[in-house]
Amino acid sequence: MIFLFVKNFNKIIMNNILEKKTVKTVQSFLKKYDHSIQLIALEETARTSIDAAKSLDTEVGSIVKSLLFKDSENNFHLCLVSGDKFVSLEKISKIYNSQTKKANADECKKFTGFSIGGVSPVAHTNSPKSILIDKNLSNYEEIFAAAGHPHVVFGISFIALCAITKGIEYDITD
């Protein structure tokens with residue numbers, strides 16, 4: 001009896017996650033682009049690319065890390081990076097022609113509307129000045145990105161991600 005309660009309790013929690021405002025915001029944005037894109041609620045966290053890959057039983061490189069950066073003029077830029085790669089601050093600083101650093105958790109939440117671990121590549125509170133997309137993501141047929149919560153993701157093709165974000169493909173990793 002206790003086991004059934006716990007099992008049902010987990011289902012209730014997962015259903016509640018899909019009702020969160022941030023998740024609904026992403027879902028609404030995605031539906032305007034393509035009704036076939038489905039949200040995936042994970043029982044395990046997808047806070048890191050390694051966690052997400054384990055939960056989805058996929059390669060770490062197929063996970064999209066949505067990382068927010070700030071240039072010296074306080075403009076925010078979003079980099080969508082393969083889960084097995086690291087952004088090169090030197091490369092993006094050259095691209096932006098400005099010394100660039102990673103935004104902190106408070107800046108990220110305020111600017112995007114999402115907490116770190118659940119930052120979606122779309123549906124931000126504010127629009128980033130630019131969106132750069134790691135070319136390494138094109139190596140995968142399907143890639144997975146956060147959908148507003150660390151337990152919710154969506155699958156999408158590289159081409160569709162470029163289209164939906166209006167991002168530019170670049171070599172931005174070390």
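**Figure 1. Salt bridges across the predicted model.** A search of the whole structure turns up 4 salt bridges. Keep in mind that this is a predicted model. We start with Lys-70 and Glu-107, whose closest N and O atoms are 2.5 Å apart. Lys-70 belongs to strand β2 and Glu-107 to helix α5 (residues 105–112), so this pair ties together parts that are 37 residues apart in sequence. Buried or exposed, where do Lys-70 and Glu-107 stand? Both are buried.

Figure 2. An α-helix has 3.6 residues a turn, so residues three or four places apart point the same way. Lys-94 is exposed, with a relative accessible area of 62%. Glu-90 also counts as exposed, at 56% relative accessibility.

**Figure 3. Helix α4 reaches another part of the chain.** Lys-91 forms a salt bridge with Asp-171, and their closest N and O atoms are 3.1 Å apart. Because Lys-91 lies in helix α4 and Asp-171 in the segment after β8 (168–170), the pair ties together parts that are 80 residues apart in sequence. Lys-91 is partly exposed at 28% relative accessibility, and Asp-171 is partly exposed at 37%.

**Figure 4. The buried face of helix α3.** Which residues of helix α3 (residues 49–56) are buried? They are Ser-49, Ala-52, Ala-53 and Leu-56. Seen down the axis of α3, these buried residues fall within an arc of 100°, so they line one face of the helix. Their cover includes strands β1 (39–41), β2 (63–71), β6 (143–149) and β7 (152–156). Just after α3 comes Asp-57, which takes a positive phi of about 55°.

**Figure 5. The largest pocket and its lining.** This pocket has a volume of about 470 Å³. It is lined by 27 residues, and those closest to its centre are Arg-47, Lys-65, Ser-66, Leu-67 and Gly-117. Elements α3, β2 and β6 each supply at least two residues of the lining. Which element gives the largest share? Strand β2 does, with 6 residues. Sorted by class, the lining holds 18 nonpolar, 5 polar and 4 charged residues.

Terms used. Residues numbered from 1 in each chain as written. Predicted model: local features only at pLDDT ≥ 70, side-chain atom pairs only at ≥ 80, totals over all residues. Heavy atoms only, no water. Buried < 20%, exposed > 50% of the residue type's maximum accessible area, 1.4 Å probe, protein only. Helix = DSSP H or I, 4+ residues; strand = E, 2+ residues; numbered from the N terminus. Arc of directions from axis to C-beta. Contact = heavy atoms within 4.5 Å. 1 Å grid on protein atoms, 1.4 Å probe; cavity = no way out; pocket = protein on both sides within 12 Å on 5 of 7 lines; lining within 4 Å. Points joined across faces, edges and corners; volume = space filled by probe spheres on them. Nonpolar A, V, L, I, M, F, W, Y, C, P; charged D, E, K, R; others polar. Salt bridge = Lys/Arg side-chain N within 4 Å of Asp/Glu carboxyl O.
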